[in-house]
Amino acid sequence: MQNPSEDTEWNDILRSKGIIPPKEKEITEDEIVNMVEQTIQEKRNKDGKTLGELNLDELDELEDDEDDSVILEYRNKRLAEMRETAAKARFGTVGEITAQDYVNEVNKAGQGVWVVLHLYKSGIPLCARLNMHLTAIARKFPATKFLKSISNTCIPNYPDKNLPTIFVYFEGDMKSQFIGPPAFRRDDIMEEELEYMLGKTGAIQTDITEDQG
């Protein structure tokens, strides 16, 4: 006897005449995801909070109460997200390097790592201003590695006329560069302007989408 669930021309004819029941609709992956998300939203603890509003301790308590695999899966998902965020947010400061550190800190920074390197020299006001702004920006974007280096310590005989210089790297490859005062527009460049410029390179995911200059 032919299987009524098979996709055959004969079964299609039988279904059209009502002789065999319609084939059950297959559930797509998107529908499964939507059902899980709906379950997550409908689950509430005794205080009426949804799963998305619970911290890990509250998720543990709800899991103990209900022994629910959905809660366990959601908790594990939250843990994974927290670990991923913590792994990315491992910088947050502006490190000082020398020529000996360059390869390891810049070219071998690692997969998925953006590096912003500022070449500077003491006594140049614009360099000092950029260092101040970069310190603040580094705190805002701890997933990006921010570095600075005295120019001729890092690159022997690097011309002072090229200072300040910012090199932007991704996974060891240079993606952008800002060389000399004209690249920074003016001596009193604001932090928001520099953040916008770095955002345009892809080094940081800034909310500043319009040029502040």
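Colleague: Lys148: buried, partly exposed or exposed?

Modeller: Partly exposed, with a relative accessible area of 22%. Buried means under 20%, exposed over 50%, partly exposed in between (1.4 Å probe, protein chains only). This is a predicted model: local features need pLDDT of at least 70, side-chain atom pairs count only at pLDDT 80 or more, and totals for chains, interfaces and linings use all residues. Residues are numbered from 1 along each chain as its sequence is written, and side-chain values use heavy atoms, leaving out hydrogens and water.

Colleague: Which residue forms a salt bridge with Lys148?

Modeller: Glu96, with the closest N and O atoms 3.9 Å apart. A salt bridge here is a side-chain nitrogen of Lys or Arg within 4 Å of a carboxyl oxygen of Asp or Glu. Glu96 lies in strand β1 and Lys148 in strand β3, so the pair ties together parts 52 residues apart in sequence. Strands (E, at least two residues) and helices (H or I, at least four) are DSSP runs, numbered from the N terminus.

Colleague: How many salt bridges in the whole structure?

Modeller: Eight. One of them joins Glu195 and Lys140 at 2.7 Å, N to O. Glu195 is buried at 4% relative accessibility, whereas Lys140 is partly exposed at 46%.

Colleague: Switching to the sheet. What is the strand order?

Modeller: β1-β3-β2-β4-β5, an open sheet with mixed pairing. Two strands pair if DSSP finds at least two bridges between them. The edge strands are β1 (94-96) and β5 (173-179).

Colleague: And in which sense do β4 and β5 pair?

Modeller: Antiparallel, over six bridges. Thr165 stands opposite Ile179 in β5.
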